[in-house]
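I opened this model to look up two things. How do the helices pack, and what surrounds the ligand?

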Amino acid sequence: MIHVKQVTKAYGDVQALRGVSFDVAAGEIVGLLGPNGAGKTTLIKILTGYLQPDDGEASIDGLDVLTQTRAAQARIGYLPENAPLYPELSVQTYLRMMADLRNIPPDQQPARISAAVRATALGDYLTRPIGALSKGLRQRVGLAQAILHQPRLLILDEPTVGLDPTQIVEIRHLIRRLSQHSTILFSSHILSEVEAVCDRVIILMNGQIRADARLSELGTTHNAIVVLQHPVNGVAEALRGLKGVRQVELLDGDSRRVTYRLHGADNADLCPLVFEAARTMNWPLRELRPDARTLESVFNELATHSA
Ligand code: ATP
């Protein structure tokens, strides 16, 4: 659905994107995560045909965004970071105007508008001026206009920025519902949001992709955490001698409890080996688990590395 290859973009001296490449298949929900200034909005503007890259290729559903801009845009529903809503228009009038702008034939407009209003639960607010709505409701209006033409791809730039916690949860549910019919790419700098909504995350830092993985895989390591009830002589050496252990790191230890992190070689499955060693040597094993990383720790590690 999305193909991006070696895209670069500079604003004067500021290199916003430095050779970004990725593909998104139909049906995925992908979170584009990055700190402020990482290049998320620039990438989204290129994908939606609002900005030309300096170099590289980008296409939507096989349509080149540079040479087939209009056709590519017709496949996209786009919610910009600051959606240009018209405060004096009612929700209904605004959606009719957007249906016209989207070239939806007049006889199809009532059904399309009803479907978008139903999806975004705006039925009670149709006659209200947009300017009188809460930020969360305005965001829903923005989403309603984005799905009017039943796009195959929804691109949402920071869809929950400025919303309160209840509104954030509502928009997350809405995004999940919309994903039943559309592929979704949305940008955010909120880790918990991406964790709650996405299947896959692309982490952008300083205009470069630093990680691109399914959420379930991102935290996977070959490491293990071993906690002993009390110190035992020779354990570290014995652990170091196990097959697949690259390094034994003492994380914490006092007279009551000792915690090690074992760094495993690729494809190592350390827990069964440690369990067997502990049983044979009668170690006071209190805890043994794979050392999964959270999205937050992956992000922080990359950010530190980037800096
Ligand atoms: P945020 O989360 O703050 O919206 P972002 O990841 O969307 O950030 P971009 O807005 O794409 O990042 O900006 C990437 C870089 O390009 C930043 O250094 C920004 O200051 C710079 N930049 C963006 N737009 C312009 C512009 N019109 N002129 C000059 N520099 C720009």
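Helix packing came up as my opening entry. I looked up helix H3, residues 91-101, against helix H5, residues 135-147, in this predicted model. Their axes come within 9 Å and cross at roughly 30 degrees. I therefore log H3 as roughly parallel to H5, since angles under 35 degrees count as such. H3 passes H5 in a right-handed crossing.

Next I followed H5 to its contact with helix H6, residues 165-178. Here the axes come within 10 Å, and the crossing angle is roughly 15 degrees. I therefore put H5 down as roughly parallel to H6. The handedness of the H5 and H6 crossing is right-handed.

Then I went back to H3 and checked its packing with helix H4, residues 109-119. What angle do H3 and H4 make? I read about 125 degrees, with the axes 10 Å apart. That angle makes H3 oblique to H4. I also noted the hand: H3 passes H4 in a right-handed crossing.

Ligand next. How many residues surround the ligand? I noted 13. The closest are Gly-37, Gly-39, Lys-40, Thr-41 and Thr-42. I sorted the shell by class and got 5 nonpolar, 5 polar and 3 charged residues.

Which elements supply the shell around the ligand? I found that strand S2, residues 14-24, and helix H1, residues 40-47, each give at least two residues. H1 gives the most, with 3 residues.

An oxygen atom of the ligand is 2.7 Å from an N or O atom in the side chain of Thr-41. Thr-41 is also listed among the closest residues. For Asn-36, I again found a side-chain N or O atom, at 3.0 Å from a ligand oxygen.

How much of the ligand does the protein bury? Taken alone, the ligand exposes 630 Å². The protein buries 61% of that.

H3 is roughly parallel to H5 but oblique to H4.

Key
Residues are numbered from 1 along each chain as its sequence is written. This is a predicted model: local features need pLDDT of at least 70, side-chain atom pairs count only at pLDDT 80 or more; totals for chains, interfaces and linings use all residues. Side-chain values use heavy atoms; hydrogens and water are left out. A residue is near a molecule or strand if one of its heavy atoms lies within 4 Å of it. A polar contact is a pair of N or O atoms within 3.5 Å; within protein, one must be able to donate a hydrogen and the other to accept it, and residues adjacent in sequence count only if both atoms are side-chain atoms. Accessible areas come from the Shrake-Rupley method with a 1.4 Å probe; for residues, only the protein chains shown count as cover. Helices (H or I, at least four residues) and strands (E, at least two) are DSSP runs, numbered from the N terminus. Ala, Val, Leu, Ile, Met, Phe, Trp, Tyr, Cys and Pro count as nonpolar, Asp, Glu, Lys and Arg as charged, and the others, Gly among them, as polar. Axes are lines fitted to C-alpha atoms, for helices over the stretch in contact, and angles run from 0 to 180 degrees between N-to-C directions. Angles under 35 degrees count as roughly parallel, over 145 as roughly antiparallel, 65 to 115 as roughly perpendicular and the rest as oblique. A crossing is left-handed if the near helix is turned anticlockwise from the far one by less than a right angle, and right-handed if clockwise.
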